Amino acid sequence: MTIGVDDDESAFSRLEDGKGLEESWLRICARLKGEVGEVEYRTWLTKIALGPIDGDEITLLLPTRFLRDWVRSQYGDRLSELWNQEIPSIRRVELQVARAGDPAPIPLESVPSANAATPAQEEATPAARTAPEVRSDLVTALDSRFTFDTFVVGKPNEFAYACARRVAEKPSSVGFNPLFLYGGVGLGKTHLMHAIGAELIQSGNVSVAYMSAEKFMYRFIAAIRSQSTIEFKEQLRSVDVLMIDDLQFLIGKDNTQEEFFHTFNALVDAGRQIVVSADKSPSDLSGLEDRLRTRLGCGMVADIHATTFELRISILESKAAASGVVVPGKVLEFLAHKITSNVRELEGALNRLIAHANLFGRPVTLEATQEVLHDILKAHDRRVTIEEIQKKVAEHWNIRLTDMSSARRARNVARPRQVAMYLAKQLTSRSLPEIGRKFGNRDHTTVMHAVNRVTELMGLDAAFAEDVELLRRMLES
């Protein structure tokens, strides 16, 4: 095709007034819509806005990096050809992400159909012409209580805490991706994820999306139903940090797994950070596709172990101090001994005690604790054995378990042994001779003396009586 001088002058004249440029863009849009079809055009190309022209280069604007990259790879060459055919002086098309104040895209209804449909035909199919509404609820609100400052660190969770801190401080240069947190129910996975999100949002430098795997699935399904999957993909794949909680929910949901896998790959390839939590390690999530489990396991996998007694005490002390209610150490020890598997349940029990104290203006005591938490403690109700009593008493006074049946008569050993005999008489149905045999084949009179001596000391020494009562409640509740 030969371009004459008159053609060039006409083209430059059209570019100068701007309106001619918009008319050219409308014709290009119409041709694209005819080539790729209405559905594909609506999905991928309707968000393109006309930008400025500079010499032989024209700029087109897209709302997200994801959409820009996709259009560039799939339609970039064709856009250049169409612009050159429309205005020969344009030889390059530059695709950029739009900023505030940039021009808006031409409404889809303004683009003529490729086969020049009549207005009546256009009116008959309004749904096909209307771009789907962009969802605005893709990010679940973070709980302001769950911060790094309120997370109590101990041996079972210190590694996971350090990894989470690293992501929150330097998400663009962590050195591992994804961060995979796993552990049992109520051990702090969600707390750490909320803390990461809160820290990143406070910094103001990155965009963050957080949601449970269940909500990821429901919103993906909703996007399919409303024909807005592209908006769903755009919003998730344009964030700097994506956090998905309770990934085990996706087990058996093949289509949602597929979408998450592609989202995962797109973000990792773009250098964005992903944080995932689950109740098991990637290798143990047998219901997930192998390729997804492999990708999840290639980053940093951090286990949050079951809590220790020391960590449970630290958690309770921290929560009690923040509440402003005086909770005796014996009550905290009692709770830490009784509720061992779930930090969430442990904190819930303490919150109930504090609420009860505030409502009725009563002090927190062991008796009140057992009364207020009877339903929780009942779940732990079981038959007490002499072996359990011996073990608990030995732990409480920090002596060896073998001392319970040894011949040692030192007071620091004899007194705990007498307490164990007293509790065996109180909490089991065993006879005095049977109890004596469990304590190194001692005579039943020795057991009787121990019961009488402990009863006497409890009446004389309030601190000693409190220790014995604490042990009794821990064993029988």
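## Charges over rings

In this predicted model, the charged end of Lys253 is placed over the ring of Phe249, at 4.3 Å from the ring's centre. A second case involves Arg291, which lies over the face of Phe261, 4.1 Å from the ring centre.

## Aromatic pairs

Seven aromatic pairs are present in the structure. One of them joins Phe216 and Phe260 in an edge-to-face arrangement, with 5.8 Å between the centres and 90 degrees between the planes. Phe216 belongs to helix H9 (residues 213–225) and Phe260 to helix H11 (residues 254–269), so this pair ties together parts that are 44 residues apart in sequence.

Both Phe216 and Phe260 are buried. Ring pairs also link these two residues with Phe220, Phe232 and Phe264 in a cluster.

Strand S4 covers residues 179–183, and five of its five residues are buried, so the strand is largely enclosed by the rest of the structure. In a regular strand, side chains alternate between the two faces of the sheet. Here Leu179, Leu181 and Gly183 point one way, while Phe180 and Tyr182 point the other way.

S4 runs parallel to strand S7 (residues 273–278), to which four bridges join it; Leu181 stands opposite Ser277 of S7. S4 also pairs in the parallel sense with strand S8 (residues 300–304) over five bridges, where Gly183 stands opposite Ile304.

## Confidence in the model

The average pLDDT of the chain is 81, and 87% of the residues score at least 70. Residues 1–17 have a pLDDT below 50, and this stretch makes 15 contacts beyond near neighbours in sequence. Residues 115–137 also have a pLDDT below 50, with 26 such contacts. Where pLDDT is low, the predicted coordinates should not be read in detail.

Note on methods:
Residues are numbered from 1 along each chain as its sequence is written. This is a predicted model: local features need pLDDT of at least 70, side-chain atom pairs count only at pLDDT 80 or more; totals for chains, interfaces and linings use all residues. Side-chain values use heavy atoms; hydrogens and water are left out. Buried means under 20% relative accessible area, exposed over 50%, partly exposed in between (1.4 Å probe, protein chains only). Helices (H or I, at least four residues) and strands (E, at least two) are DSSP runs, numbered from the N terminus. Two strands pair if DSSP finds at least two bridges between them. pLDDT is the predictor's confidence in each residue, from 0 to 100. Contact means heavy atoms within 4.5 Å. Rings of Phe, Tyr and Trp (its six-membered ring) pair if their centres lie within 6.5 Å; planes under 30 degrees apart count as stacked, over 60 as edge-to-face and the rest as tilted. A charge sits over a ring if NZ of Lys or CZ of Arg is within 6 Å of the ring centre and within 35 degrees of the ring normal.
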